[in-house]
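Thanks for coming. I will take one structure and go through a few of its parts in turn. Please have the picture open while I talk.

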There are 6 protein chains.
Amino acid sequence: MSKSQEFPQPVAGTVVPRFGDVATFMRLPLFRDPTAVEIGMVGVPWDGGTTNRPGARHGPRQMRDLSTMMRRIHHVTGIAPYELARCGDLGDAPVNPASLDDSLDRIEKHYAKLHAAGVVPLSAGGDHLITLPIMRGIRKGLPPLGMVHFDAHSDTWDTYFGGFKYTHGTPFRRAVEEGLLDPKRVVQIGIRGSLYKADDNQWALDQGMRVITIEEYFDLGVEKVIEEARRVVGAGPTYVSFDVDGLDPAYAPGTGTPEIGGYTPHEAQRMLRGLRGLDLVGGDVVEVSPPFDMSGNTALVGVTMMWEILCLLAEAVAKRKGRI
Amino acid sequence: MSKSQEFPQPVAGTVVPRFGDVATFMRLPLFRDPTAVEIGMVGVPWDGGTTNRPGARHGPRQMRDLSTMMRRIHHVTGIAPYELARCGDLGDAPVNPASLDDSLDRIEKHYAKLHAAGVVPLSAGGDHLITLPIMRGIRKGLPPLGMVHFDAHSDTWDTYFGGFKYTHGTPFRRAVEEGLLDPKRVVQIGIRGSLYKADDNQWALDQGMRVITIEEYFDLGVEKVIEEARRVVGAGPTYVSFDVDGLDPAYAPGTGTPEIGGYTPHEAQRMLRGLRGLDLVGGDVVEVSPPFDMSGNTALVGVTMMWEILCLLAEAVAKRKGRI
Amino acid sequence: MSKSQEFPQPVAGTVVPRFGDVATFMRLPLFRDPTAVEIGMVGVPWDGGTTNRPGARHGPRQMRDLSTMMRRIHHVTGIAPYELARCGDLGDAPVNPASLDDSLDRIEKHYAKLHAAGVVPLSAGGDHLITLPIMRGIRKGLPPLGMVHFDAHSDTWDTYFGGFKYTHGTPFRRAVEEGLLDPKRVVQIGIRGSLYKADDNQWALDQGMRVITIEEYFDLGVEKVIEEARRVVGAGPTYVSFDVDGLDPAYAPGTGTPEIGGYTPHEAQRMLRGLRGLDLVGGDVVEVSPPFDMSGNTALVGVTMMWEILCLLAEAVAKRKGRI
Amino acid sequence: MSKSQEFPQPVAGTVVPRFGDVATFMRLPLFRDPTAVEIGMVGVPWDGGTTNRPGARHGPRQMRDLSTMMRRIHHVTGIAPYELARCGDLGDAPVNPASLDDSLDRIEKHYAKLHAAGVVPLSAGGDHLITLPIMRGIRKGLPPLGMVHFDAHSDTWDTYFGGFKYTHGTPFRRAVEEGLLDPKRVVQIGIRGSLYKADDNQWALDQGMRVITIEEYFDLGVEKVIEEARRVVGAGPTYVSFDVDGLDPAYAPGTGTPEIGGYTPHEAQRMLRGLRGLDLVGGDVVEVSPPFDMSGNTALVGVTMMWEILCLLAEAVAKRKGRI
Amino acid sequence: MSKSQEFPQPVAGTVVPRFGDVATFMRLPLFRDPTAVEIGMVGVPWDGGTTNRPGARHGPRQMRDLSTMMRRIHHVTGIAPYELARCGDLGDAPVNPASLDDSLDRIEKHYAKLHAAGVVPLSAGGDHLITLPIMRGIRKGLPPLGMVHFDAHSDTWDTYFGGFKYTHGTPFRRAVEEGLLDPKRVVQIGIRGSLYKADDNQWALDQGMRVITIEEYFDLGVEKVIEEARRVVGAGPTYVSFDVDGLDPAYAPGTGTPEIGGYTPHEAQRMLRGLRGLDLVGGDVVEVSPPFDMSGNTALVGVTMMWEILCLLAEAVAKRKGRI
Amino acid sequence: MSKSQEFPQPVAGTVVPRFGDVATFMRLPLFRDPTAVEIGMVGVPWDGGTTNRPGARHGPRQMRDLSTMMRRIHHVTGIAPYELARCGDLGDAPVNPASLDDSLDRIEKHYAKLHAAGVVPLSAGGDHLITLPIMRGIRKGLPPLGMVHFDAHSDTWDTYFGGFKYTHGTPFRRAVEEGLLDPKRVVQIGIRGSLYKADDNQWALDQGMRVITIEEYFDLGVEKVIEEARRVVGAGPTYVSFDVDGLDPAYAPGTGTPEIGGYTPHEAQRMLRGLRGLDLVGGDVVEVSPPFDMSGNTALVGVTMMWEILCLLAEAVAKRKGRI
């Protein structure tokens with residue numbers, strides 16, 4: 001009780017109804033000073049890397065709105081993140097809808113500031129290209145990261161539209177090239193969909209990434225996939241990136257590049273819970289595109305995944321701080 | 001042929017197209033006199049107990065509309081409910097959107113009248129608080145009931161908003177306190193979602209309720225869950241309460257408190273079919289909120305669950321009447 | 001320039017894109033201390049007085065989201081509200097979805113506190129019953145108010161559902177009975193729709209209210225209606241209450257009791273602009289029900305009306321403060 | 001009190017909330033025996049004549065649902081239809097989605113029966129082809145009818161798809177050919193939209209129909225259009241046919257052949273009110289297609305037009321019965 | 001490379017963005033001359049056989065639009081259909097919304113022409129009745145066909161609405177009667193839903209069709225179902241007919257007769273992939289009804305099934321041509 | 001008959017139903033060779049200049065789909081464009097969602113090619129920034145253009161987000177700076193909405209543009225506005241640019257920057273018809289954003305405006321060709 005009392009606490013739905021008041025992530029206070037928190041939830045309202053259906057720029061607001069459904073304690077693991085770490089909403093990263101290059105630059109610098117302040121970031125996209133400048137921003141002092149990557153797509157294509165290197169289909173090729181990611185510690189779960197060329201996913205395999213297609217996923221089962229993921233990323237610092245299009249589009253229709261035939265939210269939750277104990281240094285949930293699901297159902301799924309990751313991050317932070 | 005000829009029969013979709021004519025439950029005749037039926041389908045268009053997203057007050061109408069998709073005979077069990085019992089639409093219970101207390105009172109009295117007339121009620125909510133006055137209304141002559149309860153939430157919280165005891169999050173705590181339910185004969189299936197406090201579901205457990213979380217549900221599998229449910233409720237009089245938020249929200253997005261990661265409609269159907277032979281005295285399907293799913297898909301799921309329960313009730317009635 | 005520099009300023013869409021960051025009213029800072037502002041925008045997320053389609057409880061959040069479209073200076077009047085007065089988002093009033101009486105009480109007390117702090121309130125409903133406790137809260141030190149009331153309904157019915165006195169169809173009858181409103185200084189604009197009884201609007205007329213039906217509205221034209229409204233409310237303290245169902249439902253489909261055949265948003269804007277110079281003490285925009293218009297179009301109309309009223313209030317405040 | 005007491009009365013929204021109970025037209029009782037009423041509201045759930053977007057078969061149900069918003073007395077004319085005539089919901093006409101010819105036959109015979117029973121029909125479509133069999137059904141004992149026809153289209157094309165004579169684009173050519181309509185007593189209001197051939201509307205003009213294009217409509221203004229309509233149809237028996245696509249699609253998007261640039265609902269209401277005193281023998285509102293407007297807004301507009309026509313018919317009936 | 005170079009190739013999403021240009025099936029060229037292709041994708045925009053919710057007439061356009069998401073190579077089987085066979089969009093079959101009989105005739109003649117030109121047709125419905133005239137059109141030179149039939153309904157009812165023999169509930173009874181189908185080589189997968197009469201599916205069984213209900217489907221599992229399907233259809237010429245209502249409506253809500261409790265798209269994909277090597281002579285995906293799912297999600301599922309079938313057909317064609 | 005026979009003709013809705021076949025603009029043939037047409041309809045599926053809600057990249061496809069509602073002859077002016085000029089769908093301009101600069105370059109070059117081939121372009125956006133590269137592309141041999149500009153916004157801001165010069169809020173400032181537009185021959189109709197700075201529209205005025213705010217528009221009336229527009233642009237070569245956000249959002253909700261209080265589609269049609277006889281050299285309809293209006297209603301409005309402009313262009317072309 002003692003310590004948690006000092007940490008920011010979310011508004012409870014039994015006190016202020018869930019639909020009440022300004023929407024912040026998880027109903028936590030909004031801080032402009034990053035030093036106020038240990039785990040900072042950050043919106044990155046930008047979809048300039050989107051090659052197909054746009055709208056992920058509106059994701060952070062809708063996810064904030066739907067995060068009002070979250071409560072305080074994880075019902076399976078018992079993790080109480082707000083007792084374990086100082087958490088808060090840090091607002092949005094600066095972006096520029098009129099310039100891809102400037103946006104990448106602004107996002108990177110923003111995360112570099114958060115990183116310098118000691119913040120472990122949990123981001124809400126935005127399209128998947130945002131993960132690249134986030135990783136650039138938090139690289140200082142860290143070795144190339146491992147990554148547990150939930151997605152229908154490998155996002156390791158090289159270029160689009162005649163040589164253009166930055167889209168939401170390319171971030172992890174760039175990240176490997178830049179030494180941000182250690183490909184041998186990357187596992188991708190749920191990859192599927194028809195191919196442009198027969199060797200679309202070959203580059204990733206060549207680098208040593210572990211690509212678990214959706215077919216292999218269903219054949220292995222959740223428990224084995226968790227084991228495999230833990231084996232791949234090992235004990236080093238690791239990032240969790242959750243693209244909602246890894247889920248079947250029935251659960252997350254509000255996204256830019258839906259591919260039918262994915263996993264269920266329950267299965268995704270189980271996989272995330274299976275990542276307890278990893279040395280997690282950040283995470284994100286991306287590709288929630290509200291214009292393609294005004295109902296908010298996709299955002300609810302997305303923000304529940306944020307909640308699962310938050311619990312993991314809080315435990316990791318508490319451990320690093322020696323609190324548990 | 002003899003007996004069934006005397007019972008009310010639904011309009012057939014091969015005669016009057018499914019979109020034709022005034023919408024009643026299952027396309028049965030509408031009766032204002034409860035003595036006309038043995039099983040009465042009743043709407044309770046009230047959502048005054050809703051703590052989050054309202055709209056379940058519009059549920060009965062949309063469920064009547066979508067019930068037009070139902071036919072006459074169960075394709076697995078072969079049960080032909082309209083041959084087994086006199087069934088009909090009894091219209092809606094009286095409610096008062098301007099007063100929670102008055103609504104509870106009106107609903108209870110209405111069901112007391114139906115109960116006195118010998119009606120076995122199958123209700124369409126409305127939010128889950130309606131189950132409380134329904135149980136109050138049918139208590140006469142019955143011991144505390146067993147209940148098979150499908151839901152994402154235990155609905156046994158104590159109070160909200162500073163001591164208020166009546167919301168859709170509290171009905172079964174009240175029902176146990178009032179002796180309407182025998183907690184040792186209550187099984188809850190699908191419970192999940194983050195918690196306000198670590199002991200949110202403890203009260204239910206302390207009373208002896210059998211809480212099957214969604215995690216245990218998936219681990220056990222449908223068949224074992226059915227066995228467990230039958231074991232818990234035993235041979236005594238039992239009520240079936242189906243909150244559509246027990247299902248994954250992909251199947252039932254039109255509801256007030258969606259929690260991702262639930263079971264599928266097919267699984268729910270299997271579980272309901274597994275309840276054949278129990279001494280069922282009533283049932284309800286609640287929390288269909290049309291404003292959050294104008295398409296009617298949620299209502300179709302809800303009313304198909306009503307159909308499953310109707311088959312169970314018809315068999316129970318026929319048995320009690322000595323017809324089978 | 002001097003003074004305005006000290007006043008809170010909204011985030012500009014040319015700096016932070018409109019979809020960026022936490023959504024507050026007009027992109028202004030959020031204050032919890034009412035003394036920080038002169039004009040406070042307040043959400044009242046409550047629809048417990050709704051007799052038909054609920055959902056207005058979700059109005060304040062969606063209006064905050066859409067208020068991101070507003071800029072800083074009125075394009076016709078040239079009013080720059082944030083230079084004239086200290087404006088801010090004051091969050092939501094406390095409400096209780098489980099109790100009508102408690103909600104009326106909480107809202108009244110909250111506004112009494114704001115009033116005591118000198119705040120001129122501009123509220124976002126919520127259903128129209130909220131105007132009653134708002135008026136109770138700000139009554140101290142004020143004579144019975146005049147009111148310019150935009151609506152399809154007179155909202156002066158007496159009781160519903162067998163004697164219940166508090167619904168969104170009754171607030172102004174109660175307000176007159178309680179001496180909050182001076183009926184002779186009330187003008188209602190846009191009244192229409194079939195009647196329960198031939199004398200539905202007679203009580204209002206008997207009290208001396210000026211009821212401008214939609215038919216008279218169209219016959220008079222906007223300019224004459226403005227004149228008449230100004231004549232009726234005169235120089236005394238006056239409140240502006242804007243129910244979005246006064247507009248034609250094509251413009252504001254997301255509302256609880258739509259009546260076809262209303263005015264256009266442009267006409268409403270003209271009428272509001274025609275109220276410059278009145279001694280305004282508060283205002284509200286009510287009955288935006290997001291579940292019936294997920295697109296946000298209704299909320300955009302509603303919040304643009306808030307913007308128009310804000311400009312009026314800012315000028316009134318600046319005048320009372322001797323700034324202009 | 002005397003006479004009206006004997007007539008069927010609608011359920012009041014102040015007693016049973018508007019969302020309550022089985023949905024019938026205007027919340028009136030449902031009668032299967034046509035002799036029970038003088039004015040019968042009838043659904044014709046059929047869209048087999050639709051050449052473009054289907055769905056009007058679902059119109060009657062959605063209009064019944066939205067008719068719950070109607071009250072008892074006309075707020076401008078003061079007409080109280082349920083005091084003037086025996087009104088009721090007569091259910092739906094029989095139709096056959098699998099056969100155009102059989103449907104025309106079934107509908108005609110059904111209306112012939114109603115007509116023989118003395119019922120004045122007010123129908124809810126269905127697509128506009130339904131007006132043809134309705135007119136065939138009520139022809140007995142009547143001279144060729146006059147018609148006030150609200151529509152974007154003249155519906156007097158000859159054939160479609162290579163010689164097919166029955167679609168929702170042809171009913172009034174057929175009706176003139178069959179002597180059901182007196183073309184010299186037909187006025188069409190709101191005609192517009194690009195043409196297949198330069199003489200698309202020439203046939204109608206050649207027969208002597210008065211075609212008021214939307215351009216002429218706006219030039220004349222509502223009052224002059226009313227005068228012209230009254231002049232054309234004169235004192236003889238007249239039918240009112242209201243296709244919701246005469247309205248601008250912003251007000252009635254749920255329709256099969258939207259043409260932008262129509263009149264407003266308020267203007268339509270004024271025109272309908274301008275038809276008081278004509279010798280009206282029936283009416284319909286057609287082309288409400290719910291799948292293209294799940295929100296019900298189009299149906300609300302449609303059913304309010306039914307309400308306006310109902311008031312006219314009730315007055316006409318009462319006059320013929322010598323009650324007024 | 002040689003031959004494939006000569007075959008029509010789809011536009012790549014990495015060159016022209018997926019949302020770009022006129023929408024054709026799979027972004028292939030549009031041909032009006034059937035001799036230009038070996039596999040022709042054909043729309044049949046007709047829903048005149050629909051007994052409930054219409055709209056499948058709009059299916060081909062929406063499926064063309066969503067097919068823009070498809071790429072060139074199957075990610076599991078490695079099949080590259082555009083290298084194996086000449087594929088193209090052949091536009092739509094002629095239909096007549098005003099006449100069921102004429103439509104059946106036009107469709108049959110159109111397919112007879114395609115068949116005579118050597119085209120293997122892959123069709124996009126339209127409702128399921130279209131499969132009957134397609135089979136009539138391609139019967140020349142073929143023995144009665146085998147069929148793998150994915151559906152919630154057997155579609156072997158006899159008549160509707162008093163003896164009418166042609167609806168989307170009857171095509172396969174007619175096809176057997178006409179010798180188009182060999183019932184002993186027909187397998188139906190996913191049959192479910194309440195019954196009109198206890199023996200609804202008896203006729204199919206009596207003819208020797210293999211009906212795998214959804215219950216049996218789940219009990220057997222995908223692999224066994226594939227084995228069984230292959231066993232039933234054997235080595236003879238076989239047609240694949242995929243009704244999207246075989247899927248659970250959460251995945252395919254835009255359809256005319258949804259039945260809850262179906263399989264997932266991933267499972268359907270696995271089943272289709274399990275049909276490799278069969279002697280396939282055509283296929284279709286039917287009952288996508290865009291008005292009931294404007295989002296396009298259902299069409300995306302449908303067109304991905306078309307992609308799966310296309311890969312099967314291309315391999316079959318290549319084998320028959322001796323290319324592989 | 002002679003000449004028109006040689007020109008491409010659209011498919012007629014009385015022959016092939018409107019929902020049939022591949023969707024092209026106005027159901028005209030698709031040409032890849034620009035020399036095949038005199039007036040080319042071109043999609044520009046790009047929204048990289050959008051500062052707020054994206055999605056206009058999907059505009060051309062949805063407008064093609066809805067253009068199926070258009071017929072062949074203008075019902076007021078009698079213009080038969082396909083008899084006056086060779087018209088066709090030229091597909092889409094090349095764009096690059098991953099690069100603003102590259103997109104501007106590609107679009108310009110594409111239009112330069114069309115221009116060199118003698119094509120008069122009628123474009124479907126895309127966001128309003130596309131008009132800049134279009135004007136660049138067609139500048140060769142033309143003096144600075146006049147422009148009739150329908151819009152809620154002047155689109156003459158200077159920079160966004162810290163000095164970025166290219167967004168959909170800046171095209172006409174750039175066009176004046178580059179000598180593409182003669183500001184003294186530019187008229188803007190419908191300008192409104194709150195301002196960032198008091199002098200937001202001052203630059204336009206300083207250049208000599210004629211800015212007709214929505215307030216002045218309503219005060220003048222349509223006829224006077226037409227006169228004024230004709231006076232401003234005079235006899236020189238003129239471009240028509242129609243941003244659908246000039247309309248009230250009730251008519252065109254699917255757009256990126258809605259501003260309430262605009263004109264109606266009928267009024268816009270009247271204004272466009274008032275431009276007959278001008279020396280028109282091109283036109284566009286922009287800012288239709290399908291994700292914000294999946295129903296297609298906005299696209300229908302947009303494409304009907306394209307139809308109106310097409311009639312104007314066809315007459316201008318025919319006059320220049322000496323055909324009339």
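Start in chain B, with helix α10, residues 265-273, and helix α11, residues 297-320; these two pack at an angle of about 15°, and their axes are 10 Å apart. What you are looking at is a predicted model, by the way. Angles under 35 degrees count as roughly parallel, and α10(B) and α11(B) are therefore roughly parallel to each other. Their crossing is right-handed.

Which residues make the contact? From α10(B) they are Pro265(B), Ala268(B), Gln269(B), Leu272(B) and Arg273(B), and from α11(B) they are Val301(B), Thr304(B), Met305(B), Glu308(B), Ile309(B) and Leu312(B). Sorted by kind, the residues where α10(B) meets α11(B) come out as seven nonpolar, two polar and two charged.

Helix α10(B) has another packing to show. Helix α9 of chain B, residues 222-233, packs with α10(B) at an angle of about 35°, with 9 Å between the axes. The crossing of α9(B) and α10(B) is right-handed. On the α9(B) side, the contact is made by Val222(B), Glu223(B), Val225(B) and Ile226(B); on the α10(B) side, by Glu267(B), Arg270(B) and Met271(B). How many of these are nonpolar, polar and charged? The contact of α9(B) with α10(B) divides into four nonpolar, no polar and three charged.

Now to the sheets, and to chain C. As a reminder, strands of a sheet pair through backbone hydrogen bonds, either parallel or antiparallel. Chain C has an open sheet of eight strands with parallel pairing, and the order across it is β2-β1-β3-β8-β7-β4-β5-β6. Which strands are at the edges? They are β2, residues 87-92, and β6, residues 210-213, of chain C, each pairing on one side only. From one strand to the next, the twist averages 15°.

Within that sheet, take strand β4 of chain C, residues 145-150, and strand β5 of chain C, residues 181-191. They pair in the parallel sense over five bridges.

Helix α9 of chain C, residues 222-233, lies across β4, β5, β6 and β7 of chain C, with β7 spanning 237-243, and runs at about 165° to β5(C). Helix α10 of chain C, residues 265-273, lies across β4, β5 and β7 of chain C, at about 175° to β7(C).

Next, chain A. Here too there is an open sheet of eight strands with parallel pairing, and its order is β2-β1-β3-β8-β7-β4-β5-β6. Strands β2, residues 87-92, and β6, residues 210-213, of chain A stand at the edges with a single partner strand each, so one side of each has no neighbour in the sheet. Ignoring direction, neighbouring strands of this sheet are turned by 15° against each other on average.

Strand β4 of chain A, residues 145-150, runs parallel to strand β5 of chain A, residues 181-191, and five bridges join them. What is the bridge partner of Leu145(A) in β5(A)? It is Leu181(A).

Helix α2 of chain A, residues 59-66, lies across β1 (39-44), β2, β3 (120-125) and β8 (279-286) of chain A, and runs at about 105° to β3(A). Helix α10 of chain A, residues 265-273, lies across β4, β5 and β7 (237-243) of chain A, running at about 175° to β7(A).

Last, how the chains are arranged. Two copies of a chain are related by a rotation about an axis and a shift along it. Chain E can be laid on chain B by a turn of 120° and a shift of 0.0 Å along the axis, with an RMSD of 0.0 Å. The two copies are thus related as by a three-fold rotation axis. Where does chain E come nearest the axis? The C-alpha of Ala250(E) is nearest, 3.5 Å from it. These copies use different surfaces, and 7% of the contact residues of chain E recur in chain B.

Chain F superposes on chain D with a rotation of 120° and 0.0 Å of shift along its axis, at an RMSD of 0.0 Å. Of the residues of chain F, Ala250(F) comes closest to the rotation axis, its C-alpha at 3.5 Å. Again the copies use different surfaces: 7% of the contact residues of chain F recur in chain D.

Some chains do not touch. No contact joins chain A and chain D, and their closest C-alpha atoms lie 14 Å apart. Chain C and chain E have no contact either, with their closest C-alpha atoms 14 Å apart.

How values were computed
Residues are numbered from 1 along each chain as its sequence is written. Chains are lettered from A and ligands numbered from 1 in the order in which they are written. This is a predicted model: local features need pLDDT of at least 70, side-chain atom pairs count only at pLDDT 80 or more; totals for chains, interfaces and linings use all residues. Side-chain values use heavy atoms; hydrogens and water are left out. Two strands pair if DSSP finds at least two bridges between them. Helices (H or I, at least four residues) and strands (E, at least two) are DSSP runs, numbered from the N terminus. Axes are lines fitted to C-alpha atoms, for helices over the stretch in contact, and angles run from 0 to 180 degrees between N-to-C directions. Contact means heavy atoms within 4.5 Å. Copies are superposed by least squares on the C-alpha atoms of residues with pLDDT of at least 70 in both. Angles under 35 degrees count as roughly parallel, over 145 as roughly antiparallel, 65 to 115 as roughly perpendicular and the rest as oblique. A crossing is left-handed if the near helix is turned anticlockwise from the far one by less than a right angle, and right-handed if clockwise. Ala, Val, Leu, Ile, Met, Phe, Trp, Tyr, Cys and Pro count as nonpolar, Asp, Glu, Lys and Arg as charged, and the others, Gly among them, as polar.
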